[in-house]
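Dear colleague,

Please find the structure below, handed over for your own work. The notes that follow it set out what was found.

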Amino acid sequence: MTSSIRILTTSCLDSNPSLLLVSPDSSKTLINCGEGCQRSFLESSSPANTNVGTLRVSSVNRICLTHTGHDAFGGLPGMILTTADVAESAAKNFQQNQGNAGGTIESRGVSNRHGPQKNLKRSGSLVSDDGMNGEVMPDLEIVGPVGTKAFLHSLRHFMRRDRFTVHIHEGRYNSSVCGNSSSGNAISKKKAKKNKSSSSSNDDIGFTVRSIPIDYVLRNARHESHCFTKQAMSYIFTTPPIPGKFLIEKATALRIPRGPMYADLKAGKSVTFTDPETNEARTVMPEEVLAEGSGGIGVVVIYCPNEDVLNGLQQSDLLQFTQSDAKENIELDAIVHLTPKKLFETEVYQTWCKKFGSATEHIALHVADTLEDRVADGGNSPFVSAIRGAIRRSFVNNKLFPMPTLVIQKEDTSTKNESRDDGEPLRTITGSPMMEYVLLPRSRRGVNTLTTIPLYSDDECAALEEEVSKSGATALSQKAVETNGHVESNTDTNDIGELIFTGTGSAIPCKHRNVTGMYLRMNNGNGILLDVGEGTVGQLLQSWRSTLIPTRTLIEEYRSRIRGIKAAWISHPHADHHLGLLRLLSERSSMCGQDDPLVIMAPPNMIAFLSEYQSVVPEIERNYIAVDSRDMINGFASAHPMAEKLFVDLGITQCTSVPVAHCPNSFAIVLDGTSFGRVAYSGDCRPSTRFAAVGRGADLLIHESTFEDGMEEEAVLKRHSTVGEAIGIAMVMDAKALVLTHFSQRYPKIPPLNKKERDEKALRDMPIAFAFDFMRLHRDSMPLASKLTPALRLLYPSDGADEDTCEVGVLEGRLEGSGVAAKDLMSVPGVFAAKDIL
């Protein structure tokens, strides 16, 4: 029987605190699901984290949110999509294994990550009364503050999973009263029951959760007259007393028949049977065959953003029992503090902590309310695979791929003792990504020291440099630089524009590539974002950290750059292209307020979503100007007020949206007057001759290439483009340069180019570059970026898919296992018809 606390992420530039509570029955509760949470699950399978088990997104049964905001639920929509799709795939496999497969495509209700499903049972909103009476087992249980339901309801504008059952509880909650001490889909429960029946240990002990909601008033730092009522949620997790180990040798000596009686004794019940030797009735008590047990596990998660909330927590009746001598036969093992560092270190807070007793350990996951706090924390990115990839590429060329800035830790600083008034030390453990705190077995209670090894080291960076050199990439890149001639220096000035890729993958985040996002900086220093996938702001902050001007501080640079983001373009309503807006709006709200609203050009359903979202997070209200992409199909007239604003702020002389074939309300965009000249961006789409015509003569074309050549059928089915099709559009458009992006997460390396005569000609006449996260282009660096491709290929010699990038193939709409052939669907007349688009 095991139980533990797993720290997933901590507060730094690109992540927020989140943790996983694993109960003795193996059910898992996730505390907060900010941006990048899915990537942290995938990161658990990296070689650096082999000391603990791999985590799966689909294994989470319950999510507890501490507050409403991007840092608590910015990754929740993506998490729900992934969990739902994995559950859908598991359900189909289960049915097939039971002999229930078959039927037509329609009867099987084939679904994918983005598209609508057949046999719908609800209207699209995740908020439903289905199963709230306890008769229907939920696939996922979500507990959060007031506003959680409104947020999840707003997601219906761009996502739906009608077969996926979610139970939502707001405010005060006690799972033992609601009868939901553990949750999970029916298939996983059946598996658990099967495993339990064949196990020799008592593993049916789960956590009961009780919430502690505290209302407080949040004041706007820029406008103190603007204040909002918020709710902070803390949680108490407890289990029943832990029974001792079942001593099978004693049971054998007492001649207890194997079978159900063993289970009864494990459950604490006495058994009576006929002794086979004496032929007399015999009663055996549980204590005769069980080792000494222990009190139940107690874990408290405290979210305390300010002193007002601290006052409420000190007066909480629910926390009183944890401070008393009689703790309901529960041992309070640990308290996890999601608290600003300054507040945590105050005498008032420390005095409160000591009331919980010296046996309780305190784990600090300091939350950061401001950029200053994030910089002060000085933490490294928890997304180790992505950072290591960036380090490798920097050894190929550090101008296009700047070296990430790292804080190298020389020793483990996870545990320290704070002095207390009574002379007893307050054991404080500073949480770090992937750290494990063991709760059971009791003999191993405490931090698993194998999980506190620093994420990065000087030796590792040196090893990566040697690895790149041995691959031949360094020598090949030097030749490319020599043949390309002069390239601009890496010095950042306000008269040189740049293009930074914050995410270059499709559909879901993975270890190597984040989801789509680009930052296009103009010659006046301001910029526009082209799609804002989850984690975009964090990726930008990491990138800017690597190219900081020595004369400016990090805070000055960050604030200047974020204030300088004047507009954002959202190509279509799929979640992987816009969830990063939540943090962007919050960051700009704290810096600019209503004085400098962000222009958001987006499809109508995205505008409807933001309108509802601002009722949940009122801080962003009136901090943006929404522009419907449909109103930009013919560009802006010169007299249009938005045309003037884009010209004044960004120098853009024309901005035209182009309808493309992907999902409803999908658009490409053509921008004139940028630091790169005419820039055309495809968004997600099938090849479009209309887009090629509108973007004719583009100085730079950025086109999606989700699939490699040879997968045209899949590309048509999913309404994406292949590498060759993107090159074909570039040639029709007569583009001067092409950057390929939005690669399938099954192929996190570089997809191969076809050796077609047309493609060979394109390579001779037009620079073609493959985008990577953190790639930084200037206008005259495209030829070099194109010539570096052979060197980059040497870093990624394998041709196969990365099995760790997603849990099940269905996450990207794979056809394997579905029984549906791409050719069969393509043969249906009108399936992919799109008038005036293709």
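Helices (H or I, at least four residues) and strands (E, at least two) are taken here as DSSP runs, numbered from the N terminus. On that basis the protein comprises 29 helices and 30 strands. This is a predicted model, in which local features need pLDDT of at least 70 and side-chain atom pairs count only at pLDDT 80 or more, while totals for chains, interfaces and linings use all residues. Residues are numbered from 1 along each chain as its sequence is written, and side-chain values use heavy atoms, with hydrogens and water left out.

Burial and cores

A residue is called buried under 20% relative accessible area, exposed over 50%, and partly exposed in between (1.4 Å probe, protein chains only). Of the 838 residues of the protein, 58% count as buried. Contact means heavy atoms within 4.5 Å. Among contacts between residues at least 6 apart in sequence, 72% join residues at least 24 apart.

A nonpolar core is a set of buried Ala, Val, Leu, Ile, Met, Phe, Trp, Tyr and Cys residues joined through side-chain atoms within 4.5 Å. The largest such core has 83 residues, and those with the most contacts inside it are Met-601 and Leu-777. Leaving aside residues up to four places away in sequence, Leu-777 touches Leu-400, Gly-497, Glu-498, Leu-499, Phe-501, Phe-676, Val-739, Met-782 and Ala-785. A second, separate core has 66 residues, including Val-22, Val-166, Met-434 and Ala-575. In soluble globular proteins, nonpolar side chains tend to be buried together.

Helix H25 (residues 723–733) is mostly covered, with 9 of its 11 residues buried; among them are Val-723, Ile-727, Ile-729 and Met-733. Just after H25, Asp-734 takes a positive phi of about 60°.

Helix packing

Two packed helices are described by the angle between their axes and the distance between the axes. Axes are lines fitted to C-alpha atoms, for helices over the stretch in contact, and angles run from 0 to 180 degrees between N-to-C directions. Angles under 35 degrees count as roughly parallel, over 145 as roughly antiparallel, 65 to 115 as roughly perpendicular and the rest as oblique. A crossing is left-handed if the near helix is turned anticlockwise from the far one by less than a right angle, and right-handed if clockwise.

The axes of H15 (residues 384–396) and H16 (residues 458–471) come within 9 Å and cross at roughly 50°. H15 and H16 are therefore oblique to each other, and their crossing is right-handed. On the H15 side, the contact is made by Arg-388, Ile-391, Arg-392, Phe-395 and Val-396, and on the H16 side by Glu-460, Cys-461, Leu-464, Glu-465, Glu-467 and Val-468.

For H10 (residues 307–314) and H13 (residues 347–354), the axes come within 12 Å and cross at roughly 25°. That makes H10 roughly parallel to H13, and the crossing is left-handed. Here Leu-310, Leu-313 and Gln-314 of H10 meet Val-348, Tyr-349 and Trp-352 of H13.

Backbone and cysteines

Leu-440 and Pro-441 are joined by a cis peptide bond, with omega about 0°. Pro-441 lies in the loop between strands S16 (436–440) and S17 (446–447). Met-434, found in the loop between strand S15 (426–430) and S16, has a positive phi near 70° although it is a residue other than glycine. At 5% relative accessibility, Met-434 counts as buried. Asn-279, also not a glycine, has a positive phi of about 60°; its place is the loop between strands S9 (271–274) and S10 (281–284). At 63% relative accessibility, Asn-279 counts as exposed.

A disulfide is a pair of cysteine sulfur atoms within 2.5 Å, and the structure holds 0 disulfides. For Cys-37, the nearest cysteine sulfur, that of Cys-33, is 4.0 Å away. Cys-37 counts as buried at 2% relative accessibility, and Cys-663 counts as buried at 14%.

With kind regards
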